[in-house]
Amino acid sequence: MTLPRAVVILVFCCATALAQRPHFYWMVEAGGRTEEGNTGFIAGLHGGGEIPIRWGFSVGPELGFTAPSTGLFWSTVQGIGSLNGYYHIRHGREPRLDPFVSMGYSALFRDGHINLFNYGGGVNYWVRPDLAFRGEFRDRTGNGLHLWSFRFGVSFSRLSP
């Protein structure tokens, strides 16, 4: 592929993506960590974003932390990073109610890391063109571990007013 053709394709894809509303989000979570038949309460904070691709599909990174309710908080905090794919069921230009499903890769880390698969779904409710309330369920699983949670927060499509 020649360089000019690659530039045209890249510009076309970016223009299409920008017309579908890229956005960022901040969320708090509450849920459980299930291992070997035992479940303990967890809480966390996550931030991420989505870059639309086409036809309701988008991709995006997420970074945050999760911690169990037992023990000293800072000694039990674990980082978690994800790369997710999303499908927005109503992906028109201006839907207020924006349900989605997601899946992807997650890595839980502190003194090493654990590879996990994540899946879930939720909804953005756009109260303004640049601000939404977001709720979702997410399960991250692998190596006999389930980190499942209900997550609530905000999505926003602009970084500045």
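**Core and surface of a predicted model**

Student: Which residues make up the largest nonpolar core?
Tutor: This is a predicted model. Its largest nonpolar core has six residues in all. They are Ile42, Ile80, Leu108, Leu116, Leu145 and Leu147.

Student: Which residues is Ile42 in contact with, leaving aside its neighbours within four places in sequence?
Tutor: Ile42 is part of the largest nonpolar core. Among its contacts are Ala30, Thr66, Pro68 and Arg140. Others include Glu29, Ala67, Leu147 and Trp148.

Student: What pattern does the protein chain follow along the sequence?
Tutor: The chain has two helices and eight strands. Read in sequence order, they give α-β-β-β-α-β-β-β-β-β.

Student: Which strand gives the most to the nonpolar patch?
Tutor: The patch covers about 950 Å² and includes Trp26, Leu45, Tyr125, Phe137 and Phe152. Two or more residues come from each of strand 1 (23–35), strand 7 (131–142) and strand 8 (145–156). With three residues, the top contributor is strand 8.

Student: Is Phe150 buried, exposed or partly exposed?
Tutor: Phe150 lies in strand 8 and belongs to the nonpolar patch. Its relative accessible area is 43%. Buried needs under 20% and exposed over 50%. Phe150 is therefore partly exposed.

Student: How many of the residues of the protein chain count as buried, in %?
Tutor: The accessible surface comes to about 9,300 Å², with 71% belonging to carbon and sulfur atoms. The chain has 161 residues. The share that counts as buried is 40%.

How values were computed. Residues numbered from 1 in each chain as written. Predicted model: local features only at pLDDT ≥ 70, side-chain atom pairs only at ≥ 80, totals over all residues. Heavy atoms only, no water. Core = buried A, V, L, I, M, F, W, Y, C linked by side-chain atoms within 4.5 Å. Buried < 20%, exposed > 50% of the residue type's maximum accessible area, 1.4 Å probe, protein only. Contact = heavy atoms within 4.5 Å. Helix = DSSP H or I, 4+ residues; strand = E, 2+ residues; numbered from the N terminus. Areas by Shrake-Rupley, 256 points an atom, 1.4 Å probe, with all protein chains shown as cover. Patch = residues over 30% accessible without salt bridge, like charges linked within 9 Å, V, L, I, M, F, W, Y side chains within 5 Å. Salt bridge = Lys/Arg side-chain N within 4 Å of Asp/Glu carboxyl O.
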